Amino acid sequence: MTDTLLEIENLRVAYPSAHGYTDALRGISFSVGRERLGIVGESGSGKSTAGRAAMRLLPPKARVSADRLQLQEIDLLAASERQMREIRGGRLAMVLQDPRYALNPMKTVMAQITESCRLHTKCSRAEARDQALDMLEAVHIRDPRRVARLYPHELSGGMGQRVMIAMMLIAKPQLVIADEPTSALDVTVRGQILDILNERVEAEGAGLILISHDLPLVADFCDRVLVMYGGQIMEELAARDLSAARHPYTVALNESLPPLDRKVAELTVPEHDPKWLEQRR
Amino acid sequence: MTPAVEIRDLTITFGQGRARVKAVDSASFRAAPGEAFGIIGESGSGKSTILRAITGLNDDYTGDVLIDGQQAQKPRTKAFFKTVQMVFQDPYGSLHPRRMIRATLAEPLEIHRFDRKDDRIAQVLNDVGLAPEFAYRYPHQLSGGQRQRVAVARALLLEPRILLLDEPTSALDVSVQAGVLNLLDRLRRDRGLTYVMVSHDLRVIAHMCSRVAVMTQGRIVEELSADALRDQRAETEYTQQLIRASRGTAHA
Ligand SMILES: Nc1ncnc2c1ncn2[C@@H]1O[C@H](COP(=O)(O)OP(=O)(O)OP(=O)(O)O)[C@@H](O)[C@H]1O
Ligand SMILES: Nc1ncnc2c1ncn2[C@@H]1O[C@H](COP(=O)(O)OP(=O)(O)OP(=O)(O)O)[C@@H](O)[C@H]1O
Ligand SMILES: [Mg+2]
Ligand SMILES: [Mg+2]
């Protein structure tokens, strides 16, 4: 396959709770190269936690351990906070799940995108402005000049997602972790945004981790998929085989999807079986 | 029959001079009592802006917002919120960042003088698939989908007759989504609730709603039935394109 960009081995994360610590990740291992890796899984199964752990963006009180957390030649477990500031955004970028809240509420769209550009690439103020406008156009924002002057709360949900994507891609990171990057986009714009992400992978040899609840999208767009449940990776499949998945949770997922071609009285809600947690494949 | 929710020629603009934009341009629709009415369309086309105008969060609009045939007062009264509740597109929008979930959920119950507060909170959390201990967390201590379910729970607590739902399940995996959609559908059928629901997911809209408005660039360009949506019988090119893309042929 491709050379490895990120390698994670036996990653465990626990958050403090009312009674001691609660496990969010129970020892997950995977690696990603110059490819499109999808992560699907139950709400609360630890997908965002895994992404934030790689970025070293977990809250200080979280308990983190791993046998290996390696971004190419860099040992992320040992990297100093100063090193991390260069890596974050520059080499490894994450599109966060709630973009309008992840963006700085006090700064305009233009200020945030140019800042990301100037921090990670050597470009002048004027170049950064031009690139920012080009980037907004690339993510299919109508009227980029107007939108560049808006503050995050003045953006629509899907515009916020696209601004966040623009801000990440402008620094040309080697690996992008995109956490539900298209959940607020209509299907046509979504296709265009996926094309842009795809271009990073195909033309520039970047890696992409796509965290998403949209199974048809993941099956269609990604190369491989990890299925998470209860803080574990339950199975790994080729993306095109997603509809033929074997783990009971993944099977249940396929059955819960509302059909588009016929009316059903009720959607199927899976009965969770504690045994699912032992059925790793 | 008098519609439960009606908007007539609703127009909303933002910004001044060159930055001026008509976010909503003479939009009109009616949702009958007990109906679920859907809005789909382009990102940035004004869907959330319409819901925010109905709920009075932004009352700087022209045109009419009618609830049960009555002009909604500006600003909205306390009684209005007993009847109409909204689930915001960003779950953070309905949750106070520095308050425990329990406090956020208890507040509307106190304002509207409901009894059995703790029972109601535990029940509604259970309804959306969250254990009672989630009441003792802060919003940032939840996953994206858990936050979204708390936002749905908050809107349901006051037992409103009309619910405005802005992408209420966009952060949920389909198994959890199925539970929340079944809950909403059951409440509508049993209690005759009326929904105006925005979603980019045509599967969700076709499953939940009987009629759908399609928006692009501030305008409602078409209204069609869920059956027509399923059978791909759309009039405008834009809607046809949306349906085609939803059927998974958008990306090769
Ligand atoms: N800061 C925190 N403190 C305590 N618990 C947390 C914190 N952040 C996350 N959790 C818990 O850790 C678990 C995993 O959360 P995470 O956000 O990784 O889930 P997810 O798979 O991204 O879910 P979703 O699809 O709903 O976004 C959840 O049960 C969540 O409640
Ligand atoms: N407070 C504001 N100031 C300036 N412009 C605004 C404000 N609120 C909304 N807008 C603009 O109004 C337009 C419509 O936004 P709205 O949030 O209604 O879109 P939407 O259809 O909900 O999109 P999405 O599907 O992406 O959430 C956008 O161009 C947005 O930038
Ligand atoms: Mg998440
Ligand atoms: Mg919106």
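1. Helices here are DSSP runs of H or I with at least four residues, strands are runs of E with at least two, and both are numbered from the N terminus. The element names in the points below follow this convention. The structure is a predicted model, and the comments should be read accordingly.

2. Confidence is the starting point. For the complex, the predictor reports an ipTM of 0.94 together with a pTM of 0.96. Chain A has a mean pLDDT of 93, with 99% of its residues at 70 or more. In chain B the average pLDDT is 94, and 98% of the residues score at least 70. Among the elements of chain A, the lowest mean pLDDT, 83, belongs to H3(A), while strand E9 of chain A, residues 207–211, has the highest, 98.

3. Ligand 1 is placed between chains A and B. Around this ligand are 21 residues, of which Gly44(A), Thr49(A), Ser143(B), Gly145(B) and Gln146(B) come nearest. Helix H1 (47–54) of chain A and helix H5 (144–157) of chain B each give at least two residues to the shell. Sorted by class, the shell of ligand 1 holds 14 polar, four nonpolar and three charged residues.

4. The polar contacts of ligand 1 involve both chains. On chain A, a side-chain N or O atom of Thr49(A) is 2.4 Å from an oxygen atom of the ligand, and a polar side-chain atom of Ser48(A) is 2.8 Å from an oxygen atom of ligand 1. On chain B, a backbone N or O atom of Gly144(B) lies 3.2 Å from a ligand 1 oxygen. Ligand 1 would expose 640 Å² if taken alone, and the protein buries 93% of that area.

5. Ligand 2 likewise lies between chains A and B. It is surrounded by 20 residues, the closest being Ser156(A), Gly158(A), Ser43(B), Gly44(B) and Thr49(B). A polar backbone atom of Gly44(B) is 2.7 Å from an oxygen atom of ligand 2. The side chain of Lys47(B) places an N or O atom 2.8 Å from a ligand 2 oxygen, and for the side chain of Gln89(B) the corresponding distance is 3.0 Å. Taken alone, ligand 2 exposes 640 Å², of which the protein buries 92%.

6. The second largest pocket has a space of about 810 Å³. Its lining comprises 43 residues, and those nearest its centre are Arg146(A), Ser156(A), Met159(A), Ala23(B) and Gly44(B). Two or more lining residues come from each of helix H6 (144–148) and helix H7 (157–169) of chain A, and strand E2 (21–31) and helix H1 (47–54) of chain B. The lining of this pocket divides into 17 polar, 14 charged and 12 nonpolar residues.

7. Which cavities does the model contain? A search of the whole structure finds four of 30 Å³ or more. The largest cavity has a volume of about 200 Å³. It is lined by 17 residues, with Gln97(A), Asp98(A), Ser183(A), Gln89(B) and Asp90(B) closest to its centre. Helix H3 (99–102) and H7 of chain A, with H5 of chain B, each contribute at least two residues to the lining of the largest cavity. By class, that lining is made up of eight polar, five charged and four nonpolar residues. Gln89(B), named here for the cavity centre, is also the residue whose side chain has an N or O atom 3.0 Å from an oxygen atom of ligand 2.

8. Two points of backbone geometry deserve a remark. Lys74(B) and Pro75(B) are joined by a cis peptide bond, with omega about -15 degrees. Pro75(B) sits in the loop between strand E5 (70–71) and helix H2 (78–83) of chain B. In chain A, Glu180(A) has a phi near 50 degrees, which is a positive value in a residue other than glycine. Glu180(A) is located in the loop that runs between strand E8 (175–179) and helix H8 (187–204) of chain A.

How values were computed
Residues numbered from 1 in each chain as written. Chains lettered and ligands numbered in written order. Predicted model: local features only at pLDDT ≥ 70, side-chain atom pairs only at ≥ 80, totals over all residues. Heavy atoms only, no water. Near = heavy atom within 4 Å. Polar contact = N/O pair within 3.5 Å; in protein donor to acceptor, adjacent residues only side chain to side chain. Areas by Shrake-Rupley, 256 points an atom, 1.4 Å probe, with all protein chains shown as cover. Nonpolar A, V, L, I, M, F, W, Y, C, P; charged D, E, K, R; others polar. 1 Å grid on protein atoms, 1.4 Å probe; cavity = no way out; pocket = protein on both sides within 12 Å on 5 of 7 lines; lining within 4 Å. Points joined across faces, edges and corners; volume = space filled by probe spheres on them. pLDDT = per-residue confidence, 0-100.
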